[in-house]
Amino acid sequence: MQKVLLFILFIFSIKIGLAQTEFKVQGNVFASNGLPAKGAMVSLGDNHKTETDAAGHFNFTNIKEGNVHLLVFLTGYKKYSEKIKLSSDTTLLIQLDSLG
């Protein structure tokens with residue numbers, strides 16, 4: 001009985017070790033004049049998209065550990081692109097450059 005219990009604990013510990021951890025990615029987007037970039041489209045990888053609120057804030061939850069590509073678009077501004085190695089909750093401050 002004790003061997004069976006040890007085997008179950010061993011299998012359970014392996015499963016926990018192999019589980020992917022999920023994190024939160026959040027931040028604020030600012031225009032080149034320093035004001036919040038309301039309505040900017042923020043994309044994280046292929047499956048996560050959101051729009052910044054009036055304060056320029058965005059938030060993603062349940063993002064799996066690993067490398068992700070962050071893109072930010074706002075009319076009248078250059079596209080922002082950054083590759084992030086995600087291994088913990090992450091907060092970003094992004095300033096967009098004007099096209100003109």
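This is a predicted model: local features need pLDDT of at least 70, side-chain atom pairs count only at pLDDT 80 or more; totals for chains, interfaces and linings use all residues.
Q: Where is S43 found in the secondary structure?

A: S43 is found in strand β2, which covers residues 41-44.

Q: How should I read burial, and is S43 buried or exposed?

A: The reading rests on a cut-off, since a residue counts as buried when its relative accessible area is under 20%. S43 has a relative accessible area of 9% and is therefore buried. Across the protein chain, buried residues make up 26% of the 100 residues.

Q: What surrounds the S43 side chain, and which residue stands opposite S43 in β5?

A: A polar atom of the S43 side chain lies 3.2 Å from the backbone oxygen of G45. Once neighbours within four places in sequence are set aside, S43 is in contact with H48, K49, H69, L70 and L71. One of these, L71, stands opposite S43 in β5, and the two strands concerned, β2 and β5, run antiparallel and are joined by four bridges.

Q: In what order do the strands of that sheet lie, and which are its edge strands?

A: The sheet is open and has four strands, in the order β3-β2-β5-β6, with antiparallel pairing. Its edge strands are β3 (48-51) and β6, each of which pairs on one side only. From one strand to the next, the twist averages 20 degrees.

Q: What is the order of the open sheet of three strands, and why is one side of β4 and of β7 left without a neighbour?

A: The order there is β4-β1-β7, and the pairing is mixed. Because β4 and β7 stand at the edges, each with a single partner strand, one side of each has no neighbour in the sheet. Neighbouring strands of this sheet are turned by 20 degrees against each other on average, when direction is ignored. Within the sheet, β1 and β7 pair in the parallel sense over six bridges, and F30 has Q95 in β7 as its bridge partner.

Q: How do I read the nonpolar core, and which residues touch the most other members?

A: In soluble globular proteins, nonpolar side chains tend to be buried together. Here the largest nonpolar core has 19 residues, of which V25, V29, F58, L70, V72 and I94 touch the most other members. At least two residues of this core come from each of β1 (22-30), β2, β4 (57-64), β5 (66-73), β6 (80-86) and β7 (90-95). Beyond four places in sequence, V25 is in contact with L44, F58, N59, F60, I63, L86, T90 and L92.

Q: What does T90 reach with its side chain?

A: The T90 side chain reaches the backbone oxygen of S88 at 3.0 Å. T90 has its place in strand β7 and is buried, at a relative accessible area of 17%. Apart from neighbours within four places in sequence, T90 is in contact with K24, V25 and Q26.

Notes. Residues are numbered from 1 along each chain as its sequence is written. Side-chain values use heavy atoms; hydrogens and water are left out. Buried means under 20% relative accessible area, exposed over 50%, partly exposed in between (1.4 Å probe, protein chains only). A polar contact is a pair of N or O atoms within 3.5 Å; within protein, one must be able to donate a hydrogen and the other to accept it, and residues adjacent in sequence count only if both atoms are side-chain atoms. Contact means heavy atoms within 4.5 Å. A nonpolar core is a set of buried Ala, Val, Leu, Ile, Met, Phe, Trp, Tyr and Cys residues joined through side-chain atoms within 4.5 Å. Two strands pair if DSSP finds at least two bridges between them. Axes are lines fitted to C-alpha atoms, for helices over the stretch in contact, and angles run from 0 to 180 degrees between N-to-C directions.
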